[in-house]
Amino acid sequence: MLYFNLNRFPMDFKIKDTDGKARVGELILSRGSIRTPAFMPVGTQATVKAMFPENVKSLGADIILCNTYHLMLRPGENLIKELGGLHKFMNWEKPILTDSGGFQVMSLSGLSKKSNEGVEFQSHFDGKKHFLNPEYSIKIQKKLGSDIIMCFDDCASFKSDKSDIALSMKRSMEWAVRSKEEFDLTNGGLLFGIQQGGIYEDLREESTKRLIDVGFQGYALGGLAVGEPQNQMFKILDASASKFPLDKPRYLMGVGKPDDIVGAVLRGVDMFDCVLPTRSGRTGQALTRRGPVNIKNSRHKYDYRPIDPDCNCYTCLNYSRSYLHHVFKSGEIISSMLMTWHNLHYYQELMSNIRDAIINKKLIEFINEFTKLQNSGDLSLI
Ligand SMILES: [Zn+2]
């Protein structure tokens with residue numbers, strides 16, 4: 001067994017099986033174990049939208065993700081700390097990963113002013129000015145009581161030219177050192193570094209080396225699935241995912257669609273998060289083994305069948321497409337609840353099937369079958 005005593009916080013990451021570059025593992029934290037490859041449902045504002053925490057857990061999620069940016073602005077990290085920390089606040093006992101806010105200050109806030117020191121930005125709630133830097137981001141994540149803390153990074157737009165992306169990557173690496181220094185001052189959580197460098201393999205490689213020099217308990221790939229084609233993302237993963245230390249978890253941030261996840265696991269990634277299953281659920285899109293199904297489409301109005309007749313989730317066992325179409329059209333709250341339930345079930349079942357395929361050394365066969373079904377399209381009309 002491997003123990004890493006950085007920050008006096010024990011972490012045990014065991015690789016149990018491999019199939020090519022793909023790995024099945026277990027990340028053991030004090031609040032519970034995470035079976036990898038893992039999908040983390042997103043609980044941006046301390047709630048996985050439209051779901052009770054016990055249901056998120058019962059669907060197979062070992063960990064969820066919450067957002068530092070949102071929680072620092074509302075209700076504020078000090079209030080959450082006073083009320084016993086984020087786990088107690090939101091009634092979720094299992095591990096929580098918090099992102100650092102680096103991505104959100106760029107994508108959500110109003111005018112932001114960046115320097116090597118940090119980022120000054122306007123809240124997207126009320127326009128008030130705030131400041132975030134590596135030290136402050138780590139302090140907030142510690143106050144929240146996060147189990148996995150992310151370094152504060154600088155996220156350039158993927159449309160920026162190479163020289164800007166290089167500058168942004170170098171700044172992120174300097175901020176990774178500062179994040180680590182702040183992290184080491186107090187107890188609590190694990191710290192993951194974040195690789196940057198856009199679609200440029202040389203920048204990604206430099207970033208990886210610099211992160212490994214600092215030393216983290218896990219490594220993330222940032223700035224991918226932000227609009228670049230899937231084959232470009234896979235090229236970067238081919239070149240860089242397996243360059244991270246074998247005995248540390250690898251996390252592909254903000255990814256993704258089911259076929260992104262399957263392809264990334266094949267290339268050695270262990271952890272994922274994405275708003276897709278929850279957000280799609282609220283906008284009437286079910287994700288299924290036969291691809292997406294838009295429940296708002298009038299073809300479902302008289303359809304007595306479930307979203308997926310082969311799915312064993314609560315929604316598919318009890319509700320017809322006709323009912324789901326009706327409650328979506330009527331703007332009923334249960335529409336978001338039932339659709340999100342199905343989507344999170346689908347994602348967790350996909351991860352479980354991926355883990356089984358790796359254990360049985362049949363990942364390629366699994367992916368071939370997965371792709372065939374995804375491309376087959378929705379059930380034909382009744
Ligand atoms: Zn279902």
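Residue numbers start from 1 along each chain as its sequence is written. Because the model is predicted, local features need pLDDT of at least 70 and side-chain atom pairs count only at pLDDT 80 or more, while totals for chains, interfaces and linings use all residues.

We may begin with the overall division of the protein. Domain 1 covers residues 6–274 and domain 2 covers residues 281–375, with bounds that come from an automatic or database domain assignment. Taken over C-alpha atoms, the centres of domain 1 and domain 2 are 27 Å apart. Across the boundary, 23 residues of domain 1 are in contact with 23 residues of domain 2, where contact requires C-beta atoms, placed from the backbone, to lie within 7 Å. On the side of domain 1 that touches domain 2, two or more residues each are given by β1 (12–19), β2 (22–29), β4 (38–40), α1 (53–58) and α10 (258–266). Helices (H or I, at least four residues) and strands (E, at least two) are DSSP runs, numbered from the N terminus. Helix α10 supplies the largest share of this side, with five residues. Sorted by class, this side of domain 1 holds 15 nonpolar, three polar and five charged residues; Ala, Val, Leu, Ile, Met, Phe, Trp, Tyr, Cys and Pro count as nonpolar, Asp, Glu, Lys and Arg as charged, and the others, Gly among them, as polar.

Two of the elements named at the boundary, β1 and β2, also pair with each other. Their pairing is antiparallel and extends over seven bridges, and strands count as paired if DSSP finds at least two bridges between them. Within this pairing, Ile15 stands opposite Gly25 in β2. The two strands form a hairpin with two residues between them, and Gly20 in the turn has a positive phi of about 65°. Strand β2 then continues into a hairpin with β3, again through two residues. The antiparallel pairing of β2 with β3 (residues 32–36) comprises five bridges, and Leu27 stands opposite Ile34 in β3.

How enclosed is β2 by the rest of the structure? Six of its eight residues are buried, so β2 is largely enclosed. A residue is buried if 20 or more other C-beta atoms lie within 10 Å of its own, exposed if 12 or fewer, and partly exposed in between, with C-beta atoms placed from the backbone. Leu27 lies in strand β2 and counts as buried because it has 26 C-beta neighbours inside 10 Å. Leaving aside residues up to four places away in sequence, Leu27 touches Phe13, Ser33, Ile34, Thr36 and Pro249. Leu29 is also placed in β2, and its 21 C-beta neighbours inside 10 Å make it buried. Between Leu29 and Asp12, which are 17 residues apart in sequence, the C-alpha to C-alpha separation is 7.3 Å.

We turn next to the open sheet. Its eight strands follow the order β4-β14-β13-β12-β11-β10-β6-β5, with parallel pairing. At the edges are β4 and β5 (64–67), each with a single partner strand, so one side of each is left without a neighbour in the sheet. On average, neighbouring strands of this sheet are turned by 25° against each other, direction ignored. One of the pairings links β13 (residues 250–252) with β14 (residues 271–273), which run parallel and are joined by two bridges; here Tyr251 stands opposite Met271 in β14.

Strand β12 (residues 218–221) contains Leu221. With 27 C-beta neighbours inside 10 Å, Leu221 is buried. Its contacts, not counting residues up to four places away in sequence, are Gln195, Leu252 and Met253.

The last feature is a helix pair. Two packed helices are described by the angle between their axes and the distance between the axes. Helix α7 (residues 162–183) and helix α8 (residues 201–214) have axes that come within 10 Å and cross at roughly 10°. Axes are lines fitted to C-alpha atoms, for helices over the stretch in contact, and angles run from 0 to 180 degrees between N-to-C directions. The two helices are therefore roughly parallel to each other, since angles under 35 degrees count as roughly parallel, over 145 as roughly antiparallel, 65 to 115 as roughly perpendicular and the rest as oblique. On α7 the contact is made by Ile165, Ala166, Met169, Met173, Ala176, Val177 and Lys180, and on α8 by Leu203, Ser207, Arg210, Leu211 and Val214. These contact residues divide into nine nonpolar, one polar and two charged.

Definitions and conventions: Contact = placed C-beta atoms within 7 Å.
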